[in-house]
Amino acid sequence: MNEDSLLRPAVALPFLLVSLIWGSTWWVITGQIDAAPAGWSVAWRFLLATPAMFVVAAAMKRPLRIGRAGHVLAMLVGITQFCGNYNFVYSAEMYLTSGIVAVMIALMLVPNALLARVLLGQPITQRFLIGSGIAIAGIGLLLLHEAREAPLAGSVWLGVVLALAAMLCASVSNVIQANETGRKLAMVSLLAWAMLYGTLADIAVAWLRDGPPVIPTAPRYWLGTAYLAVFGSVVTFPLYYTLIRKLGAGRAAYNGVAVVVIAMLLSTVFEGYRWSLLAGTGAGLATLGLIVALSARKPAT
């Protein structure tokens with residue numbers, strides 16, 4: 001069986017695990033918004049995640065010396081993924097439901113594929129294009145449903161812009177970590193340093209935007225933050241970035257489509273998201289697109 005096939009347990013199990021965990025994190029994030037400014041919630045999350053990632057690297061006996069080029073890459077990944085992406089996501093969820101923010105982020109499959117073609121030389125297959133077209137049509141129907149339920153005006157438009165900014169930041173980090181420099185480094189080592197740089201940027205952004213540190217006292221807030229730090233960051237990012245290197249940036253981004261379905265189901269239960277024929281059709285098309293796009297082998301670079 002092809003080593004990058006989604007049917008292989010070594011690929012399928014991490015794909016499913018990341019989808020399930022990240023699908024749940026969208027809802028957990030909503031519990032962070034009211035207790036502290038978005039910037040500080042992001043900072044606390046990665047202040048917990050960063051030392052844990054260094055512990056993982058040490059436990060796995062991975063070298064933490066990554067050289068100058070490695071530090072430059074880690075800084076870029078940290079600023080785009082662990083600062084820009086998450087600050088925009090947390091801010092977007094102040095205006096949109098968690099399920100819809102997840103839908104917006106799922107559009108990352110498009111810039112991922114394009115950036116991977118330009119920066120990494122990864123071809124785009126016809127099957128991937130067909131699957132992407134089906135999935136994007138489904139995502140469009142989901143957004144149309146949301147527009148009918150809550151017309152995109154005023155602050156909702158701001159939420160859409162913030163979600164798109166988060167998607168672009170994540171896409172850049174997804175692709176650049178898989179470049180020649182990144183492939184020479186141990187994944188957990190690169191991520192540990194990237195989280196450190198991202199955390200420093202998070203603190204700077206939070207202080208400049210939201211003022212001095214805000215430390216919530218509610219146990220629920222810190223339980224949620226710990227879940228986001230350990231499971232939503234330390235467990236999932238090594239798995240997901242490894243999937244990018246196995247499947248290619250475009251196909252790995254279909255993880256976001258699976259995440260959408262999980263996030264919207266949770267949004268239905270906990271946030272009162274209302275389904276319609278339009279939304280159901282959109283979710284079905286998005287899932288079908290995922291299956292079509294992932295059924296093909298990754299083309300040779």
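Helices (H or I, at least four residues) and strands (E, at least two) are DSSP runs, numbered from the N terminus. The model is predicted, with local features needing pLDDT of at least 70 and side-chain atom pairs counting only at pLDDT 80 or more, while totals for chains, interfaces and linings use all residues. Residues are numbered from 1 along each chain as its sequence is written, and side-chain values use heavy atoms, with hydrogens and water left out.

**Figure 1. The whole chain.** The chain has 13 helices and 0 strands. Of its 301 residues, 53% count as buried (under 20% relative accessible area; exposed is over 50% and partly exposed lies in between, with a 1.4 Å probe and protein chains only). Its accessible surface comes to about 12900 Å², of which 71% belongs to carbon and sulfur atoms; accessible areas come from the Shrake-Rupley method with a 1.4 Å probe. Among contacts (heavy atoms within 4.5 Å) with a separation of 6 or more, 91% are between residues 24 or more positions apart.

**Figure 2. Packing of helix H2 on helix H10.** Two packed helices are described by the angle between their axes and the distance between the axes. H2 (residues 38-59) and H10 (residues 219-247) pack at about 50 degrees, with their axes 8 Å apart. The axes are lines fitted to C-alpha atoms, for helices over the stretch in contact, and angles run from 0 to 180 degrees between N-to-C directions. H2 is therefore oblique to H10 (under 35 degrees is roughly parallel, over 145 roughly antiparallel, 65 to 115 roughly perpendicular, and the rest oblique). The crossing of H2 and H10 is right-handed, meaning that the near helix is turned clockwise from the far one by less than a right angle. Residues making the contact include Trp40, Trp44 and Met53 of H2 and Tyr221, Trp222 and Pro238 of H10. By class, the contact has 15 nonpolar, 4 polar and 1 charged residues (Ala, Val, Leu, Ile, Met, Phe, Trp, Tyr, Cys and Pro are nonpolar, Asp, Glu, Lys and Arg charged, and the others, Gly among them, polar).

**Figure 3. Surroundings of Leu191.** Leu191 lies in helix H9 (residues 187-210). Leu191 counts as buried because its relative accessibility is 0%. Leaving aside neighbours within four places in sequence, Leu191 contacts Met53, Phe82, Phe237, Pro238 and Tyr241. Leu191 and Phe237 are 46 residues apart in sequence, with their C-alpha atoms 7.8 Å apart.

**Figure 4. Lys61 in a loop.** Lys61 is in the loop between H2 and helix H3 (67-92). Lys61 is exposed, at a relative accessible area of 76%. Most residues other than glycine have a negative phi. Lys61, although not a glycine, has a positive phi of about 60 degrees.
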